[in-house]
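Please go through the notes below with the structure open beside you. Take the points in order.

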Amino acid sequence: MRKLASGALTGILAVGALTACAQEPGAGSSKADEASGKVAFLMPDLASTRYEQYDAPLFKKRMAELCADCGVIYQNANGDASLQQQQANSAMAQGAKVIVINPVDSAAAATIVQTAQSQGVKVVAYDRPIPNKPADFYVSFDNEAIGASIAQSLVDHLKETKAKGGVLQINGSPTDAAAGLIKKGIHSAVDSSGFELLAEYDTPGWSPERAQQWASGQIAQYRGRIAGVVAANDGTGGGAIAAFKAADVNVPPVTGNDAELAAIQRIVSGDQYNTISKPIRIVAEAAADVVHQLLRGEEPKADKKLFNTPSQLFEPTVVTRKNLKEVVFGPDAVLSTKDVCTTQYAADCRRLGIR
């Protein structure tokens with residue numbers, strides 16, 4: 001695992017930048033000009049805003065820096081595993097030499113890996129692993145550590161505040177192997193916490209709407225007994241928060257993951273307790289570096305093996321109101337104070353010293 005310090009985001013990105021610089025083509029490598037060809041970058045859905053806004057642009061930018069003769073085919077499957085299969089087949093028909101895929105369905109993606117490798121096409125699993133058929137490489141944040149971190153942060157907070165009651169657990173999609181790892185991490189903290197796990201739910205497609213519907217039912221069933229909610233990402237956490245507000249009851253501490261703009265604003269306002277800062281630049285650029293090495297016939301360096309796949313895993317940082325200013329903002333940060341501190345959140349930002 002590549003462990004990232006829990007300091008400022010600028011420090012994290014600086015490390016990423018230094019690593020990237022060290023791998024720039026032409027820096028002592030005679031193979032720098034050998035890489036060329038098409039690369040497919042296949043993302044899973046539009047439910048999370050990150051893929052369109054950050055992952056794809058950052059990956060494309062880094063590939064352009066590394067390989068002037070490499071073209072990127074970007075497709076988003078919008079939550080449809082069959083469509084993602086078609087997109088992969090289309091990319092191979094267009095001559096893609098490497099496929100970078102964040103699978104809609106981790107089990108179904110095994111077929112994509114099998115087909116690609118049978119045609120000599122390399123596959124890099126991105127963000128979500130593919131357990132049933134080893135890809136050539138896997139780049140991600142450590143998803144089990146994410147689950148453990150957000151849950152332990154919540155448990156510590158509930159103990160500090162002497163909260164009474166139990167916990168709801170809202171997991172990610174049952175077809176997403178990364179969601180399974182996050183779920184495992186959450187249980188590692190919740191099961192030994194002393195707080196009762198009132199109920200848990202695997203959210204189809206990571207849908208915020210489905211998470212909200214489920215949470216609404218639990219609020220009715222356990223009214224007055226819910227001390228906190230461990231939600232596996234910001235979308236499901238946002239759905240849970242919406243359910244409490246719709247029920248006109250106090251919102252308990254709710255977790256998240258991805259540091260989406262809306263989640264950061266909810267943390268600023270006090271509606272959401274935590275999220276996970278996963279500087280997408282880290283994984284997007286790391287994936288591009290791996291692709292470049294594969295195109296040059298090199299073997300990328302792995303930190304460990306996960307699901308029998310050479311892997312490069314990064315450990316992210318928990319964000320709460322206490323460290324939000326330090327972690328989220330900086331000269332290289334994706335979000336700016338202007339993005340976050342809109343009129344609705346300006347007063348809360350000032351109280352946190354964010355200007």
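1. Start with helix H8, residues 234–246. H8 lies across S7 and S9. Against S9, H8 runs at about 150°. Keep in mind throughout that this is a predicted model.

2. Now look at the sheet under that helix. The sheet is open and has three strands, in the order S8-S7-S9. The pairing is parallel. Which strands form the edges? They are S8 (197–202) and S9 (226–231), and each of them pairs on one side only. From one strand to the next, the twist averages 15°. As background, strands of a sheet pair through backbone hydrogen bonds, either parallel or antiparallel.

3. S7 covers residues 166–171. S7 and S8 pair in the parallel sense, over five bridges. To find your place, look for Gln169, which stands opposite Glu200 in S8.

4. Another helix packs on the sheet: H7, residues 208–221. H7 touches S7, S8 and S9. The direction of H7 makes about 155° with that of S8.

5. Next, a helix pair. Two packed helices are described by the angle between their axes and the distance between the axes. Helix H5 (residues 143–160) packs against helix H6 (residues 177–190) at an angle of about 35°. Their axes are 6 Å apart. The crossing of H5 and H6 is right-handed.

6. Which residues make this contact? From H5, they include Gly147, Ala148, Ala151 and Val155. From H6, they include Leu181, Ile182, Gly185 and Ala189. By type, the residues of the contact of H5 with H6 divide into ten nonpolar, five polar and two charged.

7. Move on to Ser311, in strand S12 (residues 309–315). Is Ser311 buried or exposed? Its relative accessibility is 0%, so Ser311 counts as buried.

8. Finally, check the confidence. The chain averages a pLDDT of 90, and 90% of the residues score at least 70. Over residues 3–33, however, the pLDDT is below 50. Beyond near neighbours in sequence, this stretch has 52 contacts in the model. Where pLDDT is low, the predicted coordinates should not be read in detail.

Definitions and conventions. Residues are numbered from 1 along each chain as its sequence is written. This is a predicted model: local features need pLDDT of at least 70, side-chain atom pairs count only at pLDDT 80 or more; totals for chains, interfaces and linings use all residues. Side-chain values use heavy atoms; hydrogens and water are left out. Two strands pair if DSSP finds at least two bridges between them. Helices (H or I, at least four residues) and strands (E, at least two) are DSSP runs, numbered from the N terminus. Axes are lines fitted to C-alpha atoms, for helices over the stretch in contact, and angles run from 0 to 180 degrees between N-to-C directions. Contact means heavy atoms within 4.5 Å. pLDDT is the predictor's confidence in each residue, from 0 to 100. Buried means under 20% relative accessible area, exposed over 50%, partly exposed in between (1.4 Å probe, protein chains only). A crossing is left-handed if the near helix is turned anticlockwise from the far one by less than a right angle, and right-handed if clockwise. Ala, Val, Leu, Ile, Met, Phe, Trp, Tyr, Cys and Pro count as nonpolar, Asp, Glu, Lys and Arg as charged, and the others, Gly among them, as polar.
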